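Welcome, and thanks for opening the viewer. Let's walk through a few selections together, one stop at a time.

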Amino acid sequence: MTARKAEGSTSVNTRENGSGEEPVIRDNRKIDPETGKARETGNGEPGQADTAEQPGSPAAAAADSASSAGAAGADLASVELAAQLAERTADLQRLQAEYSNYRKRVERDRAAVKEMAVAGAVSELLPVLDDIGRARDHGELTGGFAKVGESFEAALAKLGLTSFGTKGEPFDPMVHEALVHSYSPDVTEPTCVEILQSGYRIGERVLRPARVAVAEPDESTPADN
């Protein structure tokens, strides 16, 4: 005996197993209750539910719309990510430039402080250099004192101390101090005709100007007879 329900329901067959066995249940529903998709018929063709996914159907249009929305969302996310990346890159470049300027400024300030400290210490030793120079000019710097004087001058030179002031060079009020003034027909401009005391500098910093005798051109005209 076979009991059948309406089309799309399950059927129960007890004849195949005999009356003493449990019934065999076959699921003849055309829609799979687990996946929600149409089942294939016996000839391998999909059921009527497949027509819902044909091109031009509402389901296909909804799927295309969802796909387009997803693609637009992905493009928007990509643009936002690129903008964030550009902003972070600009921030890093600005920080790198600020750090580079800060490091250069610190190094410059450190060099300036060092130069000032050395200049302050060396300035106190300039009278000693003057005494050594006068002793050498008078022939009194001999023997062991000569070696000491040379070592002292070499040590100060290692600290960057240099002397300036040469006889015959043009007078420069920025580095020369005129102690004697005269006129001479032998010069065409204010000239240092004698170095009374050498000047000293460290780098571009003048510790003491050179003290000189200056001669200017003689512009006087002889009286008419």
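**Stop one: residues 78-112**

Select residues 78-112: this span is 100% helix and 0% strand, and the C-alpha atoms at its ends lie 51 Å apart. The UniProt record, an unreviewed entry, places the feature "coiled-coil region" at residues 78-112. Keep in mind as you look around that this is a predicted model.

**Stop two: the sheet**

Now switch to a cartoon view and select E5, E9 and E6. Which order do the strands take in this open sheet? The three strands are arranged E5-E9-E6, and their pairing is mixed. At the edges sit strand E5 (176-184) and E6, each of which pairs on one side only. From one strand to the next, the twist averages 25°.

As background, the strands of a sheet pair through backbone hydrogen bonds, either parallel or antiparallel.

Next, highlight E5 together with strand E9 (residues 210-217). How many bridges join E5 to E9? There are eight bridges, and E5 and E9 run parallel.

Leu 196 belongs to strand E6 (residues 191-197). Leu 196 is partly exposed, because its relative accessible area is 39%, between the 20% limit for buried and the 50% limit for exposed.

Definitions and conventions. Residues numbered from 1 in each chain as written. Predicted model: local features only at pLDDT ≥ 70, side-chain atom pairs only at ≥ 80, totals over all residues. Heavy atoms only, no water. Helix = DSSP H or I, 4+ residues; strand = E, 2+ residues; numbered from the N terminus. Buried < 20%, exposed > 50% of the residue type's maximum accessible area, 1.4 Å probe, protein only. Pairing = 2+ DSSP bridges. Axes fitted to C-alpha atoms, helices over the stretch in contact; angles between N-to-C directions. UniProt positions renumbered as here; feature names shortened; annotations may be inferred.
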